[in-house]
Structure formats: structure tokens, C-alpha cells
Amino acid sequence: MFYQANRLAWRLVAAVVGVSFIVTLSLTAFLVRQEYQRSLTQISTDLDTLARSVTPQLGSNLWLVNTEAVRTQLNSLLQTKAVNWVELIEPDGSHYSVGALSGDPKNAITKTFPVNYMHPLTGKAVRLGELRLVNTLDGLESQLYTQVTRMLLLLGSGMAASALCFLWLYHRLIARHLSHIADYTRGFNYERLSAPLDLARGDSGQDELQVLTDAFNAMRLNLQKGIDEKDAAQRELFQEKELAEVTLISVADAIVTTTASGHIKLLNPAAERLIGWSFAEAKGLPIGEVVITQADSDGPRLSRLLQIAQTAGKRQQREKATLISRSGERFMVEIAIAPISDWDGNRIGYVVALHDISAAEALTARLAYQATHDELTGLTNRRGFMSALVQANDAVKQSGARRMLMQLDLDQFKLVNDTCGHQAGDELLRQLARLLIDMLPENALVGRLGGDEFGVLLADLDEAEAQVVAMQMLVSLEQYRFVWQDRPFTVTGSLGLVRMDQECATPQEAMSRADVACFAAKDAGRNRFAWYRGGEEDLQGRHNELQLLATLRQAAETNRFKLHYQPIVPTLGPHQVPHYEVLLRLEDEQGRLISPGAFIPAAERYDMMATIDRWVVSHVLDELSLRQSRGEVLPELSINLSGKSLNRQTLAFVLEQLEEKPLPSDRICFEITETSAIANIKESALFIEALRARGCRFALDDFGSGFSSFTYLKSLPVDYLKIDGSLIRDVAEDDVSRQMVLAVNRIAHAMGRKTIAEYVENAAIVTVLQEIGVDYLQGYHIGRPEPAFDHVMQADVAEFKLSGD
């Protein structure tokens, strides 16, 4: 614009002055040269002006990665006549370019300007790239030379007018607005950020002044945005600081913050309570003077942890230590130390967290003690005793150390419990525990294995010395008198002794041998001791029985008993109600079935039969209840009861089961042997009468093995007599056996009882029993025991066998 205004001035000068051609030409040439140089200077100045106005906004857009705004801003530069080609180059090599280059690139003005961004927070300039502005000077020289003649005419007279006009126009269009911009810039501050720069120009379009104005306003908005973001960041920082302070105050753990040199900066209330220092007293002191931990061989734990934390990055260092408070109290704490770093990663302090674990450690120690000690007596419990036994067994195997194991069972403990109650029994166990500890050697380990069983582990004693200790224990127990509510009790015990040696493979084997020896002492009359001798057959047999006893207990708990059913059929005529005897089998761990003869003697010897009989009764009634719910015809089932079950406890159990499972009672028949019934005739009669009153039936098993039972038959109101199998086996061949069966059958019928013949193994026996008139038959010829019964099928098979005979 400046160039165009001076070109008109030259035309006026040439018309008015009319100087001579040479002078005018020389002057024109001079002026043209001056104008050319001035134009170059003006272009350079314009480029500088444009660069100063555009680079701040351009830097902001690059900082915000606003690609579209960058391209818009570069395109706006082409609207000025001072710029023909623009290129923006970023540090990573990326560039933007607009416009086009034409002609000789040497005949052009190229200027390069740095693009920086003044960071609002740090106040430092961030280099974002460089701006290259190019003016190609296309047609500048040809225009100057073609206008020489016109300028000669106008130069003289128009110079003054052009100058005046130019000054007026410059003032009107540019100068006054630049002055307004300068005044606005000089008075610009944070309070005027909300007031935009506005030029009173009307609708003048998007020229350079407007671009400059827009750039100023964009810069103002960016500053306003930066200030708002800064204010928001400061508010968030303040909130975070408040949150951190409130958290430190309210957190339950003790928190201590320090400087990089380890001096106290902050103590939260929990830390003040734990270490006994107030924040005002501790502030600025070295942490080692305030937080004192019990020293170990490497020096104070806290100092060592601080040294580790200096090179450990942001990882927390944790360690348990004993904290000594200002008042001398000791606490078990878990120390956690984490470093604090500034913006540049420099270490500026540490956070030390102290978590009081004294209660947890005490609880852990208490639980560990309870896990290996008996709560009632304070002695080692079975678990702790077995652990000690494992160590003793290892010592015996590795170094041949001498270890003796004793098992003590109290003989009269049940009497105290039954007569005085469990409170008295507990007090007796506590007193006996103290008695054993006082009388045994110091290196002896005494443990309560359960109930009234105690274990004693002796070290460095031979068999003679261990026998002396056993005698002393028995004598002390015998001399001891337990008094409860003015009632004295004598307590004795049975001792089993085992010498642990190479033949004893495991601690469990040693305990099993001690158990066997203890049972041997009981069988020998109680209040004595017995040694386990591996070669003695009676002890080894008892050892096997004890193992079988454990199997029986496990079978009752895990339902490894199995029920089988053997049919009982009438001798003449079809079934009215199917009848079966329930037989018991034991399934071992390999799934093999064990017959009752292999485990019933051991169960009777160790009082397990009542438990087994109750299991059978419960499962038989469950089977009948299931079939009743399906609407099936219920058979009559005969359940065997041992003599140990003919008592009031079993009677109450059976009555309770009948109440829970309402069934036709005449479908249940209990079989008892004549020997068990006669052994306790009154208890047996009471048992039978109570259940027959409920509708149940009874059979007297093994009848006829001794004719003394006829004397008691009137006192036992049974429904069936099962003739002993020893008579049935030979009934077809031996006339004596036949006469005995005939006599039993007649007497039973005379007393209104039905007879059942066992062990019917062939057709000849069936024929003889039919002739005698026995009512029912049972045996392998009739049907073998099966794990499930189907009364229709088995009745048909039985009738077929009998009709075939």
C-alpha cells in the first residue's frame, strides 16, 4: 500500500513540475531505485511485523497441537501482498507450507523466524519450530520501469499532494489504529483480559490490521484460558493438599514425613500417640531421635531402612521392628518407608509409616500356642505331641537316640464324669496334669491325647529306667485322692510302654503300639503297665483288632457299611408278605466286601456293636420309608441286634426312629440270639415288650443249641424261633438232629411261636423240614444274600425251588 501511494505521488510530480526529461529520468531512476530499495525494506519490515504478530499465536496453536488453526493462520499470511510462500518447520522434521514459488528463487526475499511458546507456568520460552516467509518480487522491476514515464509527469506536482494524501490516508487507515493498538498494549494487564481490542473501522474486511487485532484478541483469550487453567490447577492442588492433610490426620497408622536429610516435617495424631512426641516438640529433629527402634547386629533398623530407601526408587521398604516410645513402652510395628521426589526427580524427603502389629503378633503367638496345647490342662495336645514324636523318631533313626513312649488311660475317669458331672471331670484332668508334670523328669514331654488319655515321651532312658518311671506314675496315681463336693475318688491308670527303635517305622506306628500295650494292661486287670513286644501273638492280634476298630469307626461315619438281604420263605403255600433277613457287610478301601465274621468279634470286644446296630436300624427304616413313598408293597425285614444293644439307650433310639418315620411296625422284626437274651433276661424282656407294644416282631436266633433255653422261653415274648443251623445241616442224614428239630418245632408251636430253619442248603433238607412242619426256610438253597431286594422276583424263585423239590 505504501508503494502504491508513492507511485501516484510520482505521477502528480511529473504532471505539475514538468522537469526536463534527463533530470526527470535521472530523478526518476534515482527515485525508482530508492523506491525499489524502500520497497525491499518495506517488504522486509512487513515480514518482520507479520512474524512478530503471527508467531505468538502460531506457537500457541502448535503447543495445543491445533493443526487446523495452524493451517488457517498460514493461509491468512498469503492474503498479505508481502508474502507469496510460507513454510513452517517443526523440530522433528514435520513441516507445513502454503503458496507457490515462481521465477528465480534468488530474486526473492526470504526471512526465517523462530516460533516459540512462552510457558505460562514456568515463564520459559519453549522452541516449537521456525517460520519461513518468502516474497518473490514478481513483476516489481517491470512495474517500476513501465511506470517511469507516468511518474515523471506526476512526480513534481503530485509529490506534495501525494505526500499529503499518503499522510492522511496513513493516519486514517493505519496510524490511528496502530496508536490505539499501542495504547491498548501499554495499558494491557490481567484486569483488562476480559476487554477485547476493538478498532473503530466499520466493516473493513479481513486486512492486516484486522488480522493483527484478531491475533491480539486470540492472545488475550489464550492468556485468559491459561490463567483460568492455572487457577483451576491451584485450586486442585489446594484440595489435594487439604485431602492429604485430612488423610494423614484421620489415618489409623502412624505417619512421619521427613526432609531429604531425615529431619521431621510432620507427625500425624496416630504417630504422636504411638511414639509419645508431639508434633511441636519433634518438628525439625532428626527422625532417629524421635522414632527409636530396638537395635540389631547391623545397627538401628530405621537408619538402615532409610539408607536402603535412598537408592530404592519409589519402592516401599518394609520390615518388622520393636518400637520404643518416649515413655519406654515397646510395640511391635511394621515400618514402611517410601521416598518423596520433586518435579525433576530429586529426592526431597521420605514418608515413614508405622503400623502397630502388637495385638496381631500376640494373637498369632496365642493361636500358635493353642494349636499345639490343650486348652483345659495346658499340656501339649495330640498335634503337638505327634510333632514331638516325629522329631524323636528322626533322632532314633539318625543317631540311635533312646526314646520311650508311654500311653496312660485313666481307669475311673468315667465314674467321676457320670456321678459328678463334666465340671468335676475337667478339674480332675487339670489336677492330674499338674501331678504328672511334677513327678516326671524335666526332659519328659507330657501331652493330653484326648479324653482321659495322656502320652509321655521320655528321653535318654533305657527300659529298666522307663519301667521305674512307670511304676512311680502308677503309685502316685493310686495314692492320689480326688475330692469333689466332699466325695473322695480313687484314680488309677493303665500304662502301655513302647521302646522306639529302628523297627518302629513311623510315629503313628509307635502310637498304635502304645495303644495296644495299654489295652493289654487293661485286660490284665488295670492299674498296671504292659510293654509292647512285637513277637507276642496276642499283642499283635490286638494290634490288628485296633486297626480294624478304627476302620469300623470310619465306616460308620462315611457309610461304608452295606446292607444285604436274604429271603425267608414259608415252607408250604405262597408268600403273603415277603420276608428278608438284613445282613451287614463292610466295604474296604479297595471296594471289597468283608463278611461280618471278620469284624463283628472286634466290634463286640471294643463296644462298637451298639453303634453299628443303630446304623443298621436307621438305614433299614430309611429304605422302608423310601419304598412306602413310592407306593410299593413293604416286606417284613429282620434286623439282628447284639446283646450290647439290649439296653435303654438303644430302645430310646429305636422308638425315636419309629416316631420320625411312621411305618407299619409289623414289617419290622428284631432278631436276638438266645445267649444274649438269657444273659440279661430282665433287660431283654423289657426291650422286647416295649417294642412289641409298638407292633414290632421278635425272633430268637440260634435256638436249640442248648436246651436250657426252654426254661426262659416263657419269659421272652418272641414271635419266631430260628432253629440253630448246626441242627439243620444234618437233619436229612442224622436221625438225632431230626428228632431235636422235631422237638423244638413242637414246643415252639405249643407256645404259639413260628419256626424258621436256617442253613437250608439242599433239596433234601427242604423235604425233611416240610415233613416236620417247620414254618419258614432260609439258606443258600432258598436264596443268597443280595445287595437289593425285589420281593416279587425272589418270592417266585423261592416257590419255584420248593415246587421243584
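**Close-up 1. Tyr-117 pairs with Val-126 across two strands.** In this predicted model, Val-126 of β4 is the bridge partner of Tyr-117. Strand β4 spans residues 125-135 and runs antiparallel to β3, with ten bridges joining the two.

**Close-up 2. Four strands make an open antiparallel sheet.** The strand order is β2-β1-β4-β3. The edges are β2 (95-99) and β3 (109-118). Each edge strand has a single partner, so one of its sides has no neighbour in the sheet. From one strand to the next, the twist averages 15°. Helix α3, residues 67-78, packs on the sheet. There α3 touches β1 (85-89), β2 and β4. The directions of α3 and β2 make an angle of about 35°.

**Close-up 3. Pro-56 sits within helix α2.** The helix covers residues 21-63. Is Pro-56 buried, partly exposed or exposed? Its relative accessibility is 36%, so Pro-56 counts as partly exposed. Met-219 is 163 residues away from Pro-56 along the chain, yet their C-alpha atoms are separated by 7.5 Å.

**Close-up 4. The largest nonpolar core holds 65 residues.** Seven residues touch the most other members: Phe-561, Phe-670, Leu-691, Leu-700, Val-741, Val-760 and Leu-769. Helix α19 (residues 609-629) gives the most to this core, contributing eight residues.

**Close-up 5. Leu-691 and its contacts.** Neighbours within four places in sequence are left aside here. A second, separate core has 35 residues, including Phe-413, Leu-458, Tyr-480 and Phe-482.

Close-up 6. An α-helix has 3.6 residues a turn, so residues three or four places apart point the same way.

Close-up 7. Asn-762 caps the N-terminal end. A side-chain oxygen of Asn-762 lies 3.2 Å from the backbone nitrogen of Ala-764. Just after the helix comes Gly-773, which takes a positive phi of about 100°.

Key: Residues are numbered from 1 along each chain as its sequence is written. This is a predicted model: local features need pLDDT of at least 70, side-chain atom pairs count only at pLDDT 80 or more; totals for chains, interfaces and linings use all residues. Side-chain values use heavy atoms; hydrogens and water are left out. A nonpolar core is a set of buried Ala, Val, Leu, Ile, Met, Phe, Trp, Tyr and Cys residues joined through side-chain atoms within 4.5 Å. Buried means under 20% relative accessible area, exposed over 50%, partly exposed in between (1.4 Å probe, protein chains only). Contact means heavy atoms within 4.5 Å. A polar contact is a pair of N or O atoms within 3.5 Å; within protein, one must be able to donate a hydrogen and the other to accept it, and residues adjacent in sequence count only if both atoms are side-chain atoms. Two strands pair if DSSP finds at least two bridges between them. Axes are lines fitted to C-alpha atoms, for helices over the stretch in contact, and angles run from 0 to 180 degrees between N-to-C directions.
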